[in-house]
Amino acid sequence: MTSVKYACQLCGRNFSWPSSLRLHQKMACGKPPNFYCTICDYKSNFKGNLKRHMCCKHNIDLY
Ligand SMILES: [Zn+2]
Ligand SMILES: [Zn+2]
């Protein structure tokens, strides 16, 4: 059974939680991502997310 996600009506991104969707629409929707992973195509509007991504996915400690 596929769990229904909370989709952003504006950009089509899916979120697991309504609060994530709200935060996305308030903070990030329609804005180009500010932080890019140099290894894969991950992008984020939040430095903290990229930092966590680098750490979890690539075992790289940023900064
Ligand atoms: Zn959106
Ligand atoms: Zn990456």
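Is Asn 14 buried or exposed, and how many other C-beta atoms lie within 10 Å? Asn 14 is exposed, because 11 other C-beta atoms lie within 10 Å and a residue with 12 or fewer counts as exposed. Please keep in mind as you read on that this is a predicted model.

**The chain as a whole**

Let us start with the overall layout. The chain holds 2 helices and 4 strands, and from the N terminus on they follow the order β-β-α-β-β-α. Along its principal axes, the C-alpha trace spans about 35 × 30 × 20 Å. Of the 63 residues, 3% count as buried.

The chain is divided into two parts: domain 1 covers 1-31, and domain 2 covers 33-62. The C-alpha centres of domain 1 and domain 2 lie 19 Å apart.

An unreviewed UniProt entry puts the feature "domain: C2H2-type" at residues 6-33. Over residues 6-33 the chain is 36% helix and 14% strand, and the end C-alpha atoms of this stretch are 20 Å apart.

Now back to the residue we opened with. Asn 14 sits in strand E2, which comprises residues 14-15. Leaving aside neighbours within four places in sequence, Asn 14 is in contact with Lys 5, Tyr 6 and Ala 7.

One of these partners, Ala 7, belongs to strand E1. Seen from the side of Ala 7, and not counting residues up to four places away in sequence, the residues touched are Gly 12 and Asn 14. Ala 7 is exposed, because its count of 12 other C-beta atoms within 10 Å falls in the range of 12 or fewer.

What lies in the loop between strand E1 (6-7) and E2? Gln 9 is found there. Gln 9 is exposed as well, with 8 other C-beta atoms within 10 Å.

| Residue pair | Separation in sequence | C-alpha to C-alpha distance |
|---|---|---|
| Asn 14 and Val 4 | 10 residues | 9.1 Å |
| Ala 7 and Trp 17 | 10 residues | 9.6 Å |
| Gln 9 and Pro 32 | 23 residues | 17 Å |

**Helix H2 and the residue after it**

Let us move on to helix H2, which covers residues 47-58. H2 has 12 residues and reaches 16 Å from its first C-alpha to its last. That span is close to the 16 Å expected at 1.5 Å a residue.

Cys 55 is found in helix H2. Not counting residues up to four places away in sequence, Cys 55 touches Ile 60 and Asp 61. Is Cys 55 buried or exposed? Cys 55 is exposed, because 12 other C-beta atoms lie within 10 Å and the exposed class takes in counts of 12 or fewer.

What happens to the backbone just after H2? There, Asn 59 takes a positive phi of about 60°, although Asn 59 is not a glycine. Asn 59 belongs to the segment after the helix. Asn 59 is exposed, because its 7 other C-beta atoms within 10 Å fall in the range of 12 or fewer.

**Drawing it together**

For the chain as a whole, 3% of the 63 residues count as buried.

Terms used: Residues are numbered from 1 along each chain as its sequence is written. Chains are lettered from A and ligands numbered from 1 in the order in which they are written. This is a predicted model: local features need pLDDT of at least 70, side-chain atom pairs count only at pLDDT 80 or more; totals for chains, interfaces and linings use all residues. A residue is buried if 20 or more other C-beta atoms lie within 10 Å of its own, exposed if 12 or fewer, and partly exposed in between; C-beta atoms are placed from the backbone. UniProt positions are given in the numbering used here, feature names are shortened, and annotations may be inferred rather than shown by experiment. Domain bounds come from an automatic or database domain assignment. The expected span of a helix is 1.5 Å times one less than its number of residues. Two residues are in contact if their C-beta atoms, placed from the backbone, lie within 7 Å.
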